[in-house]
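Thanks, everyone. Please have a look at the structure first.

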Amino acid sequence: MLEETLLAFDFGEKKIGIAIGNTLTRHARPLEIIFDERRDVRFGRIEALLKEWQPQRVVVGLSLNTDGSDQPATLRCRRFANQLHGRFGVSVELVDERGSSMEAQRLLGTHAPDDAMAAAVILQRYFDALPQV
């Protein structure tokens, strides 16, 4: 497998958590949180991050019910993933995000904003599911 840089997104209507990692180390780390709710500001910041890090693909957390079925937020996550692909031409992978915020809070040990850490949890799940080479 070639080394690839990936960005991951924990999409929310109020905040978007972002993480970064690569397929060589298979390690994800929190990058930042976009706190602005305005679409143009969000996509402007995402565009800047894509230019800076030049990921070969991105991962978007897919919000699901505990039984794995869709919920209202599932459609919003899929729409966000489609917008990333359509606007920036980047390949997008969807990863089940169930429990990622609780795991992020546990890892942080605080009640600070956990969206970037949740994005790192989502990206780490993606890396952990890749076949070993």
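Let's start with a pairing: strands S1 and S2 run antiparallel and are linked by seven bridges. Bear in mind that this is a predicted model. Within that pairing, Asp 10 has Gly 17 of S2 as its bridge partner.

On to the next strand. S2 also pairs with S3, residues 27-34, again antiparallel and over seven bridges. Here Gly 21 is bridged to Ala 28 in S3. Four residues lie between S2 and S3 in this hairpin, and in the turn Arg 26 has a positive phi of about 55°.

Now, how many of the seven residues of S2 are buried? Seven of the seven are, so the strand is largely enclosed by the rest of the structure. Both of its faces are covered.

Take Ile 16. Beyond its neighbours within four places in sequence, its contacts include Phe 9, Ile 34, Arg 42, Ile 46 and Phe 80.

That brings me to the cores. Ile 16 is among the residues with the most contacts inside the largest nonpolar core, which has 20 residues; Leu 7, Phe 9, Ile 46, Phe 80 and Leu 84 are also in that group. At least two core residues come from each of S1, S2, H1 (39-53), S4 (57-62) and H2 (72-88). Another core, of 16 residues, lies apart from this one and includes Leu 6, Ala 119, Ala 120 and Ile 122.

Terms used: Residues numbered from 1 in each chain as written. Predicted model: local features only at pLDDT ≥ 70, side-chain atom pairs only at ≥ 80, totals over all residues. Heavy atoms only, no water. Core = buried A, V, L, I, M, F, W, Y, C linked by side-chain atoms within 4.5 Å. Buried < 20%, exposed > 50% of the residue type's maximum accessible area, 1.4 Å probe, protein only. Contact = heavy atoms within 4.5 Å. Pairing = 2+ DSSP bridges.
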